Amino acid sequence: MKLTSICIYLIVFFSPLLLGKAAFANTSESLTPVTVQINWHHQFQFAGFYAAIAKGYYRDAGLDVTIKPWQPGINIREEVVSGRATFGTSYSSVIADFIKGHPIKAVMTSFQYSPMVLLSQEPITELSQLSGKSVSHYNNLQILALLNRAEPEIEEPTQTYPPTGNLEDFIQGRVDLYGAYETNEPFQLNELEERYFLVKPGDFGINSAEDLVIVSQEFATENPEIVDQFRQATIAGWQYAVTHQAEIVDYILANYPVIKSRQALLFEARATTKYVRTGEIPIGSLDPARLMATAAESRDVGLITAKELQRFNPEDLIASRPDANALTQAEKLYLIQNPIIKIGNDINWAPFEFVDQQGEFKGIVADYFKLFEERLGVTFQPVVDTKWSDVVSMMQSRELDMLTAVTPTPERKTYLNFTTSYLSFPMVLVGNQSTLFINDYSELAGKRVAVVRDYWSHEYLRNNHPEVELVLVDDVTEGLKAVINGQAVVYSGNLAVINYTQQNLGITGLQVVGQSNQRFELAVAVHKDNPLLLSIMQKTLNNLTPEEKGQIYTNWISLEMLTRLDRRQIFYITLIVSVLLFLMLVWVLIYRFQKKRLQKYIYQVNDLSYASAIDPKTYNTLWVSKRYRELTGYSEKELKRMSFTDAANPEKMPRDIQSILTQVVSGLSWTGEVEGKTKHGFVYWVELTLSPQKNLFGDIHQILVTRVNITDKKRIEELSIKDELTKLHNRRYLTQIFPAEIRRIQRKNHHIALALFDLDHFKLINDNYGHEFGDDILRRVADLATQYFNRGDDFVFRLGGEEFLIITNDTTTENFEAHLQDFCVGLLALKIENQGTEHGFLTLSIGAGVWPAAEVSNFTDVYATLDKALYQAKHQGRNQVVMVEHR
C-alpha cells in the first residue's frame, strides 16, 4: 500500500514535467529545420543570424535554424548546392559562379558594401607598390579586382597563397599582404600592438555588396515561403543586432566557440554597423544595379567573359519572393476536383451581364469570367433561363457555387463571403420629363418607386427608406416601363444599366432626376463554407492587369454612348426652343442643371483616372477631375487658366507635340508617356491618352485627356539606372545604352569622346573629414561634371567609388582636352580642402580619348586604354589630363 502511494506521488509529481517535455517536443517538431553555413569563425559578422535565433524571430517564422561552423578549405557554394547546408554566406565572387551556371540564388546581402581589405607591412598608396608581393586571400572579388588593376603598374607579378585563417601568417611575415575584414583583424593587431597598414580596394574605385546569403536554386523553387520567411527573420535579426550590440555580443560569447575577446567583438560590432545599415538603403536589400556592377568587375578580372556578362540579368540571381496571389496546392487541387463551377448571374442586366437570343452569357461580367476561365482552366456554367430572384434562392439552397456580381449587404453577408469590389457604379433615380429633380430619397416618402426584386437597390430602400412604396419588377426593362406607364414615379437602379437598356430598346422620354450617395460595389460572392473558392477568386481578380480591365470596360461602356444620349437631349431642347422662347429658357435651365449632374456621372461611370477635357483650338483646360486636381496640386481655376501642356515638364514633353495635337484634332487618338510637375515642384509620370470628342455635327468640340499614374514604375526604372548617392547614371545604364549610343554616333559619322576620371587622394578626404563629408564631395563633383557636360547627348556616369566616366561626341581631340582641362580648373576653383596633398585642395586626374565611332563597338574596346591613361595621369603628378595616343 505504501509502495502504491509512492508510485502515485511520483506520477503526479513528474507528470507536468513529462507533459511539458512532450509539448516542447511537439513545438520543435512543428518547426522546419534549416542550416546556415558561415564563411568565417563565429563573430559579429554574422550577428543577424544570432540575433534572429536569440530573439525568436526564426521560431516565430516556423524555422529551427542551426549555424554551421566554418572550416578552412570549405566551399560555401558547394555546401549549399549539395544540400549539406540550406543557406550559406558567400563572397561577392559567387555572382560569377551563378553566371557560370551554378544552380544558386541570392536571398539577401548582409553588407551593402564590402569591408574586405588587405593588411600590409608597409603603407601602399600606389598600385605599383604591389609588385612582387605575396598575397593571402579567399579569391574575394574586391581583392581580385585590385590585383587586376595593379597588373599594368607592376614589374613583377603578385604571388597568391590560399588562406589558413591564421593571422600569424601576417604577423610572422610569411605573406606580405593578408586578406581581412576591416571590422575584424585590425582590432586583434591593435591588441597585440602589431604594426600594420590597410590597403582598401574602395580607395581604388572597387566596391560591391558582400556576404551574400545564398540558397540552392532547387530549394528556392520548391520552398519560396521558407526562403522568404528566413529572409525576413534575418533582416529583423540584423535590425535588432545593430541597435543592441552589447546584448548580441554577450549572446555570441555565451552560445558559440568564439576566438575573439569581448572587446574585439564590441569593436567589430561598432565597425560593422556602417556596412549593414547604409543611408536609406533597406537592410539586406539586393540592388540589381550593384549586382550588375559586381558582375562587370568579375568580367574585368577574368572570372566571366564579356558575352557571359551580356547575358546576365541580375533579377535572375535574386530568389523571388512568393507571389501572394499564387494559388496554393490546396487551391489547385480544388480546381482539379471541380472542373465545372456553377455561377449565379442575372440574365437581363446589360451591360453587366445578360443572356442573348442565342443563349450566350454576355456583358462586362461575362468577359471577366472568360478571363477567369483562361487563368484557372475551369468552366464557369451560368444560368440562362432563370430570373434574378430565383437565382438568389438557388444560391441560398447551395445549388450554385457563387454569384458573379453582387453588392455586399447585411442580409447577404449572413451566408456569403465577398471578394473586393471589381466594378463600382452609382445608384440613380430615373423619371419622366415632368419629374422634378430629387435631392434626397426622403422626398420619395409615400411615393411609388420601381426596383428589381432582390437587387441591392431593393434591399437598400426596404431597409433604409421604409416610407417609400416599392413597386417590385423582374428586370430593368420592366422597371423603366413602369415609370413610362405611370405605375411608378421613378425607377431606382444602376445608371450604366439604365443607359444601356434605353439605347438598345429605344426607350425615350426618361431622364436622370436624382443620384444616391450609395454605389453598386459589385463583387464575387461565395458561400461562407467554401473559403478555398473565395481565395481563388480573390487572387484571380488581383492578377488581372489594368489593361485587361480597361479593355473590358471600353467594350461595353464608352463615353460615345453617353454622348449620344446628350445629342438626343440637345435635339429635343432645340425643338422646344423653336416653338416658344419662354419654354426654351425653362428647358435651358433644366438642361444645364441635368447636364451638370450627367457630366458628373459620365466621369464617374467611366472611372477616368486623372481626367480632363481641353479646347481643341486653344488647348486650354475646360474641365478637370478631382483626382487630377489632387495629383497636380492646382485648383480647378488655376488649371483652367493653363494650357494642358503647362502642367507637364517642358524638358520631358514629346518633341513632336505639335504634330501629335494635329493628329488628335484630325480625329485620331494618341497615347504616350509624359512627365509632369505638381504645383509644388514634385515630379510624376503618367501614361497620357488624348481622345477627340465630336459634337452633333461631327466637329471635334473637345479633347478628352485621360492619365494613368505610372510614377512608381518610372521611379523603379530610374533607381535601377541611377547611382543612389550622386544621381548620375550608373554602370548598369552604361551597359544598357552604350551599344545604341555608339550606333547613333556612327550614323552621324561623328567621333566619340570618352573621359575616365577619379578624385586625387580621395582616401584622405574620408580619413580626415569622415565618410559623410566624402559623400557630399562626390555629389558636388557630380554636379560640377554635369555643368561642364550638359548637352542633350552628353552622359556622365559614376562607375564606382570616386571613379567617373564622361561620354560626348562631335568634338576634336584638342577641343575635348581643352574642355577637360577647364573642368580640372573648375574643381580646383571650388577650393575643397584636402590637407596633406600637393595643392592642399581636392583635384582630379583624367584619362581621355577621341575615337572615330566606327572603330568602337562596345565599352570594353576602350576601357582598358582609358584606365591606363588615367593611371598615367596619376603617376605624372595628378591634377591633369592624359589623352590616349592613337597609332
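I'm calling a residue buried when its relative accessible area is under 20%. This is a predicted model, so I keep that in mind as I go.

**Whole chain**

With that cut-off, I looked up how much of the chain is tucked away: of its 887 residues, 51% are buried.

Next I picked out an open sheet of five strands. Reading across, I get β2-β1-β3-β10-β4, and the pairing is mixed. Which strands stand at the edges? They are β2 (63-68) and β4 (104-111). Each has a single partner strand, so one side of each has no neighbour in the sheet. From one strand to the next, the twist averages 25°.

I zoomed in on one pair, β3 (residues 87-90) and β10 (residues 210-216). Their pairing is antiparallel, over four bridges. In β10, V213 is the residue standing opposite T89.

**The helix on the sheet**

Last stop: which helix packs on this sheet? I found α10, residues 224-243. Helix α10 touches β1 (32-37), β2, β3, β4 and β10. I looked up its direction too, and it makes about 10° with that of β4.

Terms used
Residues numbered from 1 in each chain as written. Predicted model: local features only at pLDDT ≥ 70, side-chain atom pairs only at ≥ 80, totals over all residues. Heavy atoms only, no water. Pairing = 2+ DSSP bridges. Helix = DSSP H or I, 4+ residues; strand = E, 2+ residues; numbered from the N terminus. Axes fitted to C-alpha atoms, helices over the stretch in contact; angles between N-to-C directions. Contact = heavy atoms within 4.5 Å. Buried < 20%, exposed > 50% of the residue type's maximum accessible area, 1.4 Å probe, protein only.
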